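Welcome! Take a look at the sequence and the model before reading on.

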Amino acid sequence: MLTTEQIIDAMSEHGLRITDQRKTLAKLFGEHQGYLTAKDVYEYMGRKYSGLSFDTVYRNLRVLYELGLLEQVVFEEGIKFRGRCSENHHHHHMICLQCQKTYPITFCPMQLTDAPDDFQVVQHKFEVFGYCRDCCKADDGGKAARGEGKQEHRV
């Protein structure tokens with residue numbers, strides 16, 4: 001994961017003004033291992049900066065994502081962000097739905113798709129969701145690993 005200093009340096013290299021708020025945002029993502037919603041970030045930032053708007057927080061999250069400094073993942077409960085991996089090669093992740101620990105997938109499954117010749121892929125995402133070994137052990141003797149309990153409801 002990128003460090004606070006790497007995030008600040010990259011923001012500066014892209015011409016962003018390094019305000020105290022942006023330093024705090026960089027520190028949050030440089031030190032937090034899990035995923036955060038925009039609301040989580042807004043509440044965290046709001047404790048230090050009264051009068052900060054949700055729009056300002058969300059706009060900064062979008063900018064950091066567009067600069068490649070944050071990863072964005074769509075969970076069932078909505079979009080969450082986390083600091084980008086410090087690995088510089090293209091890869092994807094397996095993500096624990098309980099503790100949100102991530103594991104790298106060391107190859108890109110895009111190569112296995114059967115995209116038609118007349119379709120140009122410009123971007124793709126691939127995430128695998130499940131439960132890590134520790135969360136399976138902690139969850140009633142591994143119910144999650146057997147697909148019991150935690151049922152997914154989609155409409």
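Strands, labelled E, are DSSP runs of at least two residues, numbered from the N terminus. Please keep in mind that this is a predicted model. The points below visit the largest pocket, then a histidine at that pocket, then an arginine elsewhere in the chain.

**The largest pocket**
- The largest pocket holds about 490 Å³ of space.
- Its lining is made up of 19 residues, and those nearest the centre are Glu71, His90, His91, His124 and Lys125.
- Strand E1 (70-75) and strand E3 (92-96) each contribute at least two residues to this lining, and E1 gives the most, with four residues.
- Sorted by class, the lining has nine polar, five charged and five nonpolar residues.

**His90, one of the residues nearest the pocket centre**
- You will find His90 in the loop between strand E2 (78-83) and E3.
- His90 counts as partly exposed because its relative accessibility is 46%, which falls between the cut-offs of 20% and 50%.
- Leaving out residues up to four places away in sequence, His90 touches Cys108 and His124.
- His90 and Phe107 are 17 residues apart in sequence, and their C-alpha atoms are 8.2 Å apart in space.

**Arg22**
- Arg22 belongs to helix H2, which covers residues 20-31.
- Arg22 is buried yet has no salt bridge, and the nearest side chain of opposite charge, that of Glu66, is 11 Å away.
- Leaving out residues up to four places away in sequence, Arg22 touches Met11, Leu16, Arg17 and Asn60.

How values were computed: Residues numbered from 1 in each chain as written. Predicted model: local features only at pLDDT ≥ 70, side-chain atom pairs only at ≥ 80, totals over all residues. Heavy atoms only, no water. Buried < 20%, exposed > 50% of the residue type's maximum accessible area, 1.4 Å probe, protein only. Lys, Arg positive; Asp, Glu negative; His and termini not counted. Salt bridge = Lys/Arg side-chain N within 4 Å of Asp/Glu carboxyl O. Contact = heavy atoms within 4.5 Å. 1 Å grid on protein atoms, 1.4 Å probe; cavity = no way out; pocket = protein on both sides within 12 Å on 5 of 7 lines; lining within 4 Å. Points joined across faces, edges and corners; volume = space filled by probe spheres on them. Nonpolar A, V, L, I, M, F, W, Y, C, P; charged D, E, K, R; others polar.
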